[in-house]
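Colleague: I have a few questions about this model. Can we go through them one at a time?

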Amino acid sequence: MSRSSRAVVTFPKDVKRGELFSIRAIVQHDMESGFRHTEQGVRVPRDIIREFVCTYNGRPVFRADLHPGIGSNPIFIFDAKADQSGVIECRWSGDNDYLTVLQQPITVL
Amino acid sequence: MSSRRLFISSMTAICLSPWHRAQASTSDAQQVISKIIGNQSVKTGRIYFELPPLVENGNLVAVKCSVQSPMTANDYVKVIHMIAEGNPLPNVVSCYFTPLSGKAEFSTRIRLADSQRVWVLAQMSNGEFWRTSADTVVTLSACTEMI
Amino acid sequence: MIQAFGSLAISFFLFSHAAVADSRQSAYQLLSPTNQAMQNDMNLNPALFAIMDGEALWQEKSQANGKSCASCHGDVKQSMRGVFATFPKIIHQKLQNVEGQINACRTRHQHLTVFAYESKPMLALSTLIAFQSRGLPIQAASIGSVKNDYESGKNLYFQRIGQLNLSCAQCHDDRAGLKLGGSVIPQAHPTGYPIYRIEWQGMGSLQRRLRNCLSGVRAEPYAYGSKELVQIELYLMHRANGMIIESPGIRP
């Protein structure tokens, strides 16, 4: 059973064909770096999102390999070219069986 | 300043084992960059890199990278890497694009452990490498806090 | 020369008799433009998820008696609008801040145990409620209704404490705008709470921040939920009366 958390993906509901549009994807995750210590000096183990992939009707638009240097509640803002109506899917996967997938429709006029 | 840093990092290398070192050295970051580039040459420039010169708290720093490119099937930006010299782990993020991205640009929020130089490396579809860097002053440490 | 002085005197007279400029300033003004943008845009504000968690909790039915916050309070946007701006205040003869009132509701009306301060669910609910006052001015309880607590809170604010023997007033009234270490000392108005503090990498209450200050002057911090901390909160809200609430705020 994989762990999951909230995610919010924002982009315009409809875009003109051939135009670029901006996608904003933010997910709830502490991104425990693995470099923090408790007061007793015990290291807190790493627990981060490792990969973020955004596909547009199954075709990759943006992919990121994340390391502990990415801040909590990771956000990515990037672009895509509108060419067909369909589905934008954002998928976050990481340590300890973490997986969140969010799909949202897009209309291309 | 750089010779002092060299002295400190060499002293650190002698005294502490790698697992206890709180901060990577300039050479760690260069090793990561060398591994990515391999034998290829790398040109300086072409990348637009927005990094605040003064950061109030290194736990959450907004950054933006952009590379001009036609982003066609024959000529696009394949990947942009970000490497932080002063973080415990130099690799921060690697972002991959396709012609469908339309623009080779991304914004995100990163952690910076200390005042340092941050490198951005971009690889084109033809294999060419470009790089740029920016320096920043961080007024509070990010990765090595106590809970 | 005399003419110039005269016009200067007249303009000074006019200025001082026009609406007196409020010299009070939120720590928002000290943020970098990027962090200000992060606070303003709820899509970028890391507190976004705390609010969503709060919305879910608002609907959650008590396992003891089936009541949720929504059972009594309905739509949070309607019932809680402007409410945060009026706390702390006297409810059932006790000075309550929002956390205290949330726990009073949980125990009395939902027959559930209390949420600990700074726990995820407590912060989620307090952030949700504070968010309903965003953009509204602070409307502190009338001093008459809280006289004793107000006086205690004021005394605590002006009292020198800790090994460093400092009072809140010495930094935040007398030296606001000057620097402590690398940072500018803010006037310490509670307009952004609960905040997403970048140093904490998470949400936190005003009481958490007050306890940070107390340990900063090497004093024994008052316990969460203690009478003293709520009284200080009360005094701070009065001191900031009329200022616009920004919750949830971002702070470095």
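What follows is a short exchange about the model shown above.

Modeller: Go ahead. Keep in mind that this is a predicted model.

Colleague: How many helices and strands does chain A have?

Modeller: Chain A has 0 helices and 8 strands. Along the sequence the pattern reads β-β-β-β-β-β-β-β.

Colleague: What box do the C-alpha atoms of chain A fill?

Modeller: Roughly 60 × 25 × 20 Å, taken along the principal axes.

Colleague: And what share of chain A counts as buried?

Modeller: 39% of its 109 residues. As for contacts in chain A with a separation of 6 or more, 60% come from residues 24 or more positions apart.

Colleague: Now the sheet. In what order do the 6 strands of the open sheet come?

Modeller: The order is β1(A)-β3(A)-β6(A)-β7(B)-β4(B)-β2(B), with antiparallel pairing. The sheet therefore holds strands of chain A and of chain B.

Colleague: Which strands stand at the edges?

Modeller: β1 (7-10) of chain A and β2 (47-50) of chain B. Each has a single partner strand, so one side of each has no neighbour in the sheet.

Colleague: By how many degrees are neighbouring strands turned against each other?

Modeller: On average 15 degrees, with direction ignored.

Colleague: Back to β1(A). How many bridges join it to β3 of chain A?

Modeller: There are 4 bridges between β1(A) and β3, which covers residues 20-27 of chain A, and the two run antiparallel. Within that pair, Ala7(A) stands opposite Val27(A) of β3(A).

Colleague: Why does Thr55(A) count as partly exposed?

Modeller: Because Thr55(A) has 19 C-beta neighbours inside 10 Å, and a residue is buried if that number is 20 or more.

Colleague: Which residues does Thr55(A) touch, leaving out those up to four places away in sequence?

Modeller: Pro60(A), Val61(A) and Glu89(A).

Colleague: Last one, chain C. How many residues of chain C are in contact with chain A?

Modeller: 7 residues of chain C are in contact with 8 residues of chain A.

Colleague: How does the chain C side of that divide into nonpolar, polar and charged?

Modeller: The residues of chain C that touch chain A are 5 nonpolar and 2 polar, with no charged ones.

How values were computed:
Residues numbered from 1 in each chain as written. Chains lettered and ligands numbered in written order. Predicted model: local features only at pLDDT ≥ 70, side-chain atom pairs only at ≥ 80, totals over all residues. Contact = placed C-beta atoms within 7 Å. Nonpolar A, V, L, I, M, F, W, Y, C, P; charged D, E, K, R; others polar. Buried ≥ 20, exposed ≤ 12 C-beta atoms within 10 Å, placed from the backbone. Pairing = 2+ DSSP bridges. Axes fitted to C-alpha atoms, helices over the stretch in contact; angles between N-to-C directions.
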